[in-house]
Amino acid sequence: MEYRPTEWDARAQQLWRDLAVYRADFPSDREPFYVLDMFPYPSGAGLHVGHPLGYIASDIVGRFMRHKGFNVLHPMGFDAFGLPAEQYAIQTGQHPAATTEANILRYREQLNRLGLGFDWSREVQTCDADYYRWTQWVFLELFNAWFNKGSARAERIETLMEHLSARGTEGLEAACHGKPECSAAEWAQMNPSEREALLQHFRLAYRSESLVNWCPELGTVLANDEVVNGLSERGGHPVVQKAMLQWSMRISAFAQRLLDGLEDLNWSDSIKETQRHWIGRSQGARIAFKVLGGLGEAGLLEVFTTRPDTIFGATFMVIAPEHPLLSQWTSMDQKADVDAYRERAARRSERERQADTKSCSGVFTGSYVEHPFTREPIPIWTSDYVLLGYGTGAVMAVPGHDSRDHALAKAMGLPIVQVVASTEPVDVQQEAFEAKSGRAMASDFLNGLSTLEAIDRAIEELQSRGLGTRTLQFRLRDAVFGRQRYWGEPIPIAYRDGVPEGLDAAELPLRLPAVDKYLPTADGQPPLARAEHWFSAEGLPLETTTMPGWAGSSWYFLRYMDPRNDRALVGRAAADYWGQVDLYVGGSEHATGHLLYSRFWTHALHDLGHIGFKEPFKRLVNQGMIQGISAFVHRIEGGKTVVSAELAGGYSTQKLHVDVSLVNERNEVDQDALKAWMPDWAETQFIPAQGPIRVEREVEKMSKSKYNVVNPDALADQHGADAVRLFEMFLGPIEQSKPWDTQGMSGVISFLKKSARMLPKRQRGKASAEELRILHHLIDKLQRDVETLSFNTSVSAMMIAVNAWSALPEIAESTLLDFAVLLEPFAPHSAEAMWAELGAQRSVVLAPYPILLPEYLVKDTVLYPVQFNGKTRFQLEMPSSASAAEVESAVLAHERTAHFLEGRTPKKIIVVPGRIANVVG
RNA sequence: GCCCAGAUGGCGGAAUUGGUAGACGCGCACGACUCAAACUCGUGUUCCUCUGGAGUGCGGGUUCGAUUCCCGCUCUGGGCACCA
């Protein structure tokens, strides 16, 4: 039997379609297993060999579990809303839906070419109205919910309204922003618009002012990395920090739950650590300082600090330039300076402000607070190292014990006081002493207490005087949810006299309207404002911003369970049956975005009673990146002459990327092909004029712009899908980054050929003990590897087994049938071809996994390495049953022992039964 | 700066709880088959001053024994970054 990949691939794939072998059943008596890949954004560039790495690994697990009798759900879909399609639409006028559809078609073809066993009958596309109808529905659920801190869970907004009408905000423990307050009587008096204004502070989806990078020229908000030096990355237009009324999601309410939930997840430590840091829980105190001469709400300056023990070292206050009370605290003579500073800060993006740790700037506001204990006046400054979005947007500066405060104090000549004593000599005038270990000094009633004691004592004292409270603070900020874009889910909100109102669920989906251009309107409204008729059924104007990319991807794993349900986002029975995702595979770049938001939505949907679990992904595996091996030619600067790499030192050259397909395995560039590659290279001359021109190689990220992309479907057409699958796995551990070297594929190709060549050796009789030993060692290894997704060693184990079988004169048909099943998860097309050749029925995909017989794993004898002082000198074969004493005497009796002892008497002999013997002496 | 992960032949990588370092594959070399090439098969392939010695990024330590554990560094990759 010969390896015929093209024929086998097509035939096997047709068979799978005919038998619908990858269809997940529901309802079912079998145990469910849900394996999921992070669904891709279908870009115009198509897939390169790096993308399917994770898909192949999850496919292997899915196929293995199917052989083990599980009802496997392994779906695939597309995260199809997004910026690139919109950008392309702006440039070409083509509707993003058209380009997206074309890209999806290409992706699906490429994925199918590799024989990935997805249940396409469950495919979802986030831009499909039947799908985003439910994304909008989830939005409304969150809009109509609040977070009860008392029960630590999301509840329906009605329970909040009941509380408000019974007791107002009194005794209300709710996650909110600002300081919403009212009495029951006031609530009763309010008109709908006033009520809504209050409720907005509690809803999980709400509108509030938040700071954004606004680009007036483009009429849009930009992400931090789209802003370079205060200008838009595209076009170079000015960008300003602007407070905008925007839809947000109250993820901060779930901070503690998201932190606690990490404990039980089988995720990598680094991802969990990243999430913990992102959530950023810190314990400390809020302290209110009385502002001298301040009136009303400007009478108190509230700060958050983790070090209330250093309160006696606070020599000035710093507030964020955007702080709403800044202007009220600015004196007449400081107004010009403060205004100029605030304007300057607004021009810098948050990222720039944060990246710039060297320069230190700030301006005095002209007012003072009173120190709560010493009664001394303390000046209030403003500086952009304090961020409005964290804590209270204000800090008490303790330059002796905080390096940023120290920097500002030094720059502005403000006093620096030491209030924590260190056991080692420190000079706080030179450098801040930040360690949390020491004893309080120069701090009145705190003197002599350790830092931890002093923190507690300071908080108690502040609390008893009504000046402060013990506080838990999270870094996690609420997520801005509105986008000034076209290609996203419309937000299902209508406005009645300016008051937002959720659409009725019956009105969903709220379809994306047609527009003449995918650009903002002349007066800066988002593209949806261009729609001709953008009103609700009742005739109310609709929201014009759309949802962000992460909306659709935050719950898609639920939809796969019940993708065509038109009465619920997922049927409760299906959700209960499939439950959490057993294995989730994807890139680690989604560590904080997608993985945090989808956890948040899942928690909320759980609380609101739609699903029975809180955490979406039980186990997460991050696949590493596959890098490309780029090729560079050396071209003489300003000329058209290319110099072979080994001679380039003698010239002043430029290193230029050339397409890797123009270069052979000896690193020689095909000169004619290079000239034909692009017009710019047509006239190229070469040095040396005769002989090979070599390129330089470098491992880089695989990308179109680096001309180092390798396409999996092209390789599959050439060598077969199984070869691509096996090689991707053989490359190395799944989580690791590693370079792609197509040359290495020949190893797995010859393995597949060898496997096929075993078939003519088959016999109908009983399998020999030797071939069964090989078989069961292989089963054992493969089963253990599946646990850790160590498929690189699985492939080598299969190679070892096939090499061993091939050395035998004949192989039993039963052994070959078992091998076909073992091979199937990795190389399903070849396995299917072998299965058919052996005359077996239906599909190998549906065959049960061979049962491991442990008796074939035990060996009769053990080959003991014999070491002398830790160095292995010879080997000694002993029966497996030999005791340590027997091994010891056998070693001593061995003829070579005397030679290696060189006359010494052994002091000690260590025998680890079944392992090793070591003679010490 | 902080956090996380990693460093093993020419290359990708393997090595149960500490127990023969370099499995498997690529590449390379030689040989067989062939008119020849491809394919296929076989042998060898960590290094060196080679009856021996050294060796898993570097320097120490624990141990009969360390790629594996501990301490101190260097480098690479990823993440976060004035978080009070």
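This is a predicted model: local features need pLDDT of at least 70, side-chain atom pairs count only at pLDDT 80 or more; totals for chains, interfaces and linings use all residues.
1. Which residue is the bridge partner of Asn148 in β4? The partner is Arg153.

2. Together β3 and β4 form a hairpin, with 4 residues between them.

3. Ala152, in the loop between β3 and β4, has a phi near 55°, a positive value in a residue other than glycine. The side of the residue open to solvent is limited: Ala152 is partly exposed, with a relative accessible area of 34%.

4. Ala20 lies in the loop between α1 and β1 and has a positive phi of about 50°, although it is not a glycine. Ala20 is partly exposed, its relative accessible area being 31%.

5. The loop that holds Ala20, between α1 and β1, also holds Pro27. Helix α1 covers residues 5–19 and strand β1 residues 32–37. The peptide bond from Phe26 to Pro27 is cis, with omega near 0°.

6. Another cis peptide bond runs from Leu508 to Pro509, with omega near -5°. Pro509 is placed in the loop between β21 (499–502) and α15 (550–553).

7. Turning to the sheets, 4 strands form an open sheet in the order β6-β5-β9-β19, with antiparallel pairing. Strands β6 (220–222) and β19 (479–480) stand at the edges; each has a single partner strand, so one side of each is left without a neighbour in the sheet. Strand β5, residues 205–215, pairs with β6 over 3 bridges in the antiparallel sense. Within that pairing, Cys215 stands opposite Thr220 in β6.

8. Leaving aside residues up to four places away in sequence, Phe70 touches Arg30, Glu31, Pro32, Phe33 and Met65. Phe70 and Ala205 are 135 residues apart in sequence, and their C-alpha atoms are 39 Å apart in space.

9. For the chain as a whole, chain A has 28 helices and 35 strands. Its C-alpha atoms fill a box of roughly 100 × 85 × 70 Å along the principal axes. Of the 921 residues, 53% are buried. Among contacts in chain A with a separation of 6 or more, 71% join residues 24 or more positions apart.

10. The domain assignment divides chain A into domains 1 to 5. Domain 1 is built from several segments (67–144 + 259–280 + 482–552 + 559–576 + 607–625), whereas domain 2 is given as 281–474. The C-alpha centres of domain 1 and domain 2 lie 42 Å apart. The remaining assignments are domain 3 (630–657 + 669–696), domain 4 (714–848) and domain 5 (861–920).

11. Rolling a probe the size of a water molecule over the atoms shows where empty space is left. The count comes to 2 cavities of 30 Å³ or more, and about 40 Å³ of space lies in the largest cavity. Its lining consists of Leu53, Glu728, Met729, Gly732, Pro733, Ile734, Lys738, Leu789, Phe791 and Asn792. The elements giving two or more residues to this lining are α21 (721–730) and α24 (791–806). By type, the lining residues divide into 6 nonpolar, 2 polar and 2 charged.

12. The second largest pocket has a volume of about 460 Å³. Its lining comprises 18 residues, and those nearest the centre are Val660, Val663, Arg697, Asp741 and Thr742. The lining of this pocket divides into 7 nonpolar, 7 polar and 4 charged residues.

Terms used:
Residues are numbered from 1 along each chain as its sequence is written. Chains are lettered from A and ligands numbered from 1 in the order in which they are written. Side-chain values use heavy atoms; hydrogens and water are left out. Two strands pair if DSSP finds at least two bridges between them. On a 1 Å grid over the protein atoms alone, a cavity is a set of points where a 1.4 Å probe fits but cannot get out, and a pocket is an open set with protein on both sides within 12 Å along at least five of seven lines; lining residues have an atom within 4 Å of a point. Grid points are joined across faces, edges and corners, and a volume is the space filled by probe spheres set on the points. Ala, Val, Leu, Ile, Met, Phe, Trp, Tyr, Cys and Pro count as nonpolar, Asp, Glu, Lys and Arg as charged, and the others, Gly among them, as polar. Domain bounds come from an automatic or database domain assignment. Buried means under 20% relative accessible area, exposed over 50%, partly exposed in between (1.4 Å probe, protein chains only). Contact means heavy atoms within 4.5 Å.
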